Amino acid sequence: MDGGKAAPGVAERRTSPGDEPGRASGATGCPRPAGEPAARHGGAGTGVVDAAEAEGFLRLFHAENRSAGPVEPRLREVLGQIARHGTYTHTAEELAYGARVAWRNSGRCIGRLYWRSLHVRDRRSVASAEGVALECVEHLRAATGTGRIRPTITVFAQDRPGRPGPRIWNEQLVRYAGYERPDGTVNGDPRGAGLTAAARRLGWPGGEGTAFDVLPLVIEAGGRPPLLAAVPGDAVLEVPLTHPVHGWFAELGLRWHAVPAVSDMCLEIGGVCYPCAPFNGWYMGTEIGARNLADEGRYDRLRVVADRLGLDTSDDRTLWKDHALVELNVAVLHSFTRAGVTITDHHTESRRFMAHLEREERSGRVCPADWSWIVPPLSGAATPVFHRYYDDVRLWPAFVHHRRENPYADGPPFTRPGAVV
């Protein structure tokens with residue numbers, strides 16, 4: 001699949017087509033009762049806006065952006081739009097602010113210290129599947145650069161009454177295929193097996209059958225059948241994994257992509273749902289080394305690493321899993337750093353999160369955080385985030401999942417033009 005081998009430790013781009021949010025008090029943030037579902041009143045996700053949510057957001061925006069002036073004129077304008085059309089349109093400034101605050105409010109994200117730096121690509125005029133596909137590729141290129149990853153969000157058309165916005169089936173813009181074998185095992189990423197099967201039913205012929213075939217984007221828009229769009233190779237930066245000490249590690253053939261761009265969540269701002277708003281930060285090493293490559297339900301490579309290390313795997317009490325997990329994470333951090341690709345380690349990011357938490361508290365804001373997500377999956381007790389409790393609440397704006405019936409997921413194969421990018 002690759003158009004040429006890069007030297008070990010050097011990031012390579014594919015040359016052929018082919019990693020979620022929490023109790024609020026105070027004046028900042030738009031709180032909802034804890035545990036209340038996102039689509040609680042039939043508004044969110046249908047295009048119909050709750051005027052109270054719009055008002056809450058606008059008051060927050062004007063309170064935190066004094067240069068916007070008094071809120072009342074804008075509030076009258078928005079409430080009039082809602083009365084006439086059931087929804088309203090954000091200004092560019094409101095959109096950018098709402099997207100950044102949605103990141104600030106993401107209780108499952110440890111890397112929020114730089115929420116103000118989020119680059120917002122306003123593509124609300126794009127509603128077609130083809131247009132979304134092209135802009136998603138540009139998103140990856142813009143966010144990746146030459147390896148210095150930039151936090152980026154691309155916001156497409158909003159849901160309007162009777163006119164839903166586009167949606168991306170993929171949970172990330174770059175995910176690897178999972179090909180299920182007759183015996184039930186999977187070649188590739190088991191997490192991608194469902195989408196792989198759906199894409200095959202939609203006409204995707206499959207990749208080269210490696211463990212790291214990039215899935216096509218599956219995009220639904222305008223009430224038409226989903227569009228398959230291959231992601232071109234120059235938009236997918238990947239890092240082959242090597243180890244600073246063990247030369248044999250490169251023989252395992254492991255790799256991972258550089259940009260974790262989440263693409264199946266709705267950006268909700270003031271009652272408006274943007275169902276297609278892919279966004280990314282950069283990876284923390286444990287997301288790859290302690291979860292994606294190590295989980296039994298994913299690539300499950302711990303025993304392979306342990307065997308090559310010569311560890312005693314006969315009993316869990318030998319802590320072979322712990323030893324192998326550390327070396328796998330060492331390889332991830334070493335490889336990304338050597339390749340010049342942005343990545344952070346869980347100790348550094350934990351300290352940054354504590355700095356973010358202190359900054360938010362000084363600003364009079366509650367900082368939502370889900371302890372089970374904030375504490376890293378490796379050496380948690382050795383990080384400062386382990387040793388305290390957090391306000392696990394839900395604030396808006398936010399990134400949310402809306403439950404939707406997928407009419408094509410289990411249907412018969414049908415034909416539609418394939419790769420458009």
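**A loop threonine and its surroundings**

Reply: The side chain of threonine 318 has a polar atom that lies 2.8 Å from the backbone oxygen of aspartate 315. Bear in mind that this is a predicted model. Where does threonine 318 sit? It is in the loop between helix H7 (302-309) and helix H8 (320-339). Buried would need a value under 20%, and exposed a value over 50%.

Now turn to a pair of helices. Helix H1 covers residues 51-64, and helix H3 covers residues 92-104. Their axes come within 11 Å and cross at roughly 95°. Angles from 65 to 115 degrees count as roughly perpendicular. H1 and H3 are therefore roughly perpendicular to each other.

Which residues meet there? H1 brings Phe57, Leu58, Leu60, Phe61 and Glu64. H3 brings Glu93, Glu94, Tyr97, Gly98 and Arg104. Sorted by class, this contact has 5 nonpolar residues, 1 polar residue and 4 charged residues.

Last, the whole protein. Its secondary structure comes to 10 helices and 19 strands. The protein has 421 residues, and 54% of them count as buried.

Methods: Residues numbered from 1 in each chain as written. Predicted model: local features only at pLDDT ≥ 70, side-chain atom pairs only at ≥ 80, totals over all residues. Heavy atoms only, no water. Axes fitted to C-alpha atoms, helices over the stretch in contact; angles between N-to-C directions. Helix = DSSP H or I, 4+ residues; strand = E, 2+ residues; numbered from the N terminus. Parallel < 35°, antiparallel > 145°, perpendicular 65-115°, else oblique. Contact = heavy atoms within 4.5 Å. Nonpolar A, V, L, I, M, F, W, Y, C, P; charged D, E, K, R; others polar. Polar contact = N/O pair within 3.5 Å; in protein donor to acceptor, adjacent residues only side chain to side chain. Buried < 20%, exposed > 50% of the residue type's maximum accessible area, 1.4 Å probe, protein only.
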